[in-house]
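Take a look at the chain below. Keep the sequence and the 3D view side by side as you read.

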Amino acid sequence: MPRAACGTTAPQPPPAAAPAPVPPASLAPPNVTGTPVEGTQLTADAGAWQDADGIRIRWSRCSADRSSCRTIPRASGASYTLTGDDVGDTVRAIVAATNDGGTTTVTSAALGPVASANPIVVAGPALSGTPMQGESLTATPATWTWATGPATLAWSRCDAACACT
């Protein structure tokens, strides 16, 4: 650098530019916990972040094979209560972390498929045999989807007018 004459200041190089801010970095992915049954509440843990000034959690619903996903309207925050619209689909949390450098988005693993709170009959019960005194009848239980326990059978005797006891 040239020497300045007496009483003058030597020209200074321009100050170095500050490094550009970088978006937050995900250190651990978000996680969703809860039982995937209609009417129950799921909870999302946002995961771990480096340099995040703000975190936002949204929820999305995906087809069971995860071929299509869509954001659930008005579903944001750390908890979400499953509805009938979620039955048969999977649900996941989408976490967005922001700072002056931008936004980083990470998605949790999908939870589900979501079961109905009420079992759905796939096939009704069947009765076989000859309905005559002294003959045996056999009942085959109904087939259910989303049932959380075994079905039970109960026998009733009905008259010709379908009044049962």
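## An exposed alanine

Start with Ala20. Ala20 is exposed, because its relative accessible area is 63% and the cut-off for exposed is over 50%. Keep in mind that this model is predicted.

Where does Ala20 lie? Ala20 is found in the segment before strand S1, which covers residues 25–28. Now pair Ala20 with Thr103. The two are 83 residues apart in sequence. In space, their C-alpha atoms are 14 Å apart.

## Strand S5 and its partners

Move on to strand S5, residues 54–62. Strand S5 pairs with strand S8, residues 90–99. The pairing is antiparallel and runs over nine bridges. Look for Arg56: its bridge partner in S8 is Ala96.

S5 also pairs with strand S6, residues 69–76. Here too the sense is antiparallel, with four bridges. Which residue of S6 stands opposite Arg58? It is Ser76.

## The turn between S5 and S6

S5 and S6 form a hairpin, with six residues between the strands. In this hairpin, Arg66 takes a positive phi, near 65°.

Ser63 also sits in the loop between S5 and S6. Is Ser63 buried or exposed? Ser63 is buried, because its relative accessible area is 15% and the cut-off for buried is under 20%. What does the side chain of Ser63 contact? It makes a polar contact with the side chain of Asp65, at 2.7 Å.

Leave out residues up to four places away in sequence, and Ser63 touches Ser68, Arg70, Asp89 and Thr90.

## The largest pocket

Now turn to empty space. Rolling a probe the size of a water molecule over the atoms shows where such space is left. The largest pocket has a volume of about 340 Å³. Two elements each give two or more residues to its lining: strand S11, residues 126–129, and strand S12, residues 137–140.

Which residues line the largest pocket? They are Pro125, Ala126, Leu127, Leu137, Ala139, Leu153, Ala154, Trp155, Ser156 and Arg157. Sort the lining by class, and eight residues are nonpolar, one is polar and one is charged. Ser156 counts as the polar one and Arg157 as the charged one.

Technical notes:
Residues are numbered from 1 along each chain as its sequence is written. This is a predicted model: local features need pLDDT of at least 70, side-chain atom pairs count only at pLDDT 80 or more; totals for chains, interfaces and linings use all residues. Side-chain values use heavy atoms; hydrogens and water are left out. Two strands pair if DSSP finds at least two bridges between them. On a 1 Å grid over the protein atoms alone, a cavity is a set of points where a 1.4 Å probe fits but cannot get out, and a pocket is an open set with protein on both sides within 12 Å along at least five of seven lines; lining residues have an atom within 4 Å of a point. Grid points are joined across faces, edges and corners, and a volume is the space filled by probe spheres set on the points. Buried means under 20% relative accessible area, exposed over 50%, partly exposed in between (1.4 Å probe, protein chains only). A polar contact is a pair of N or O atoms within 3.5 Å; within protein, one must be able to donate a hydrogen and the other to accept it, and residues adjacent in sequence count only if both atoms are side-chain atoms. Contact means heavy atoms within 4.5 Å.
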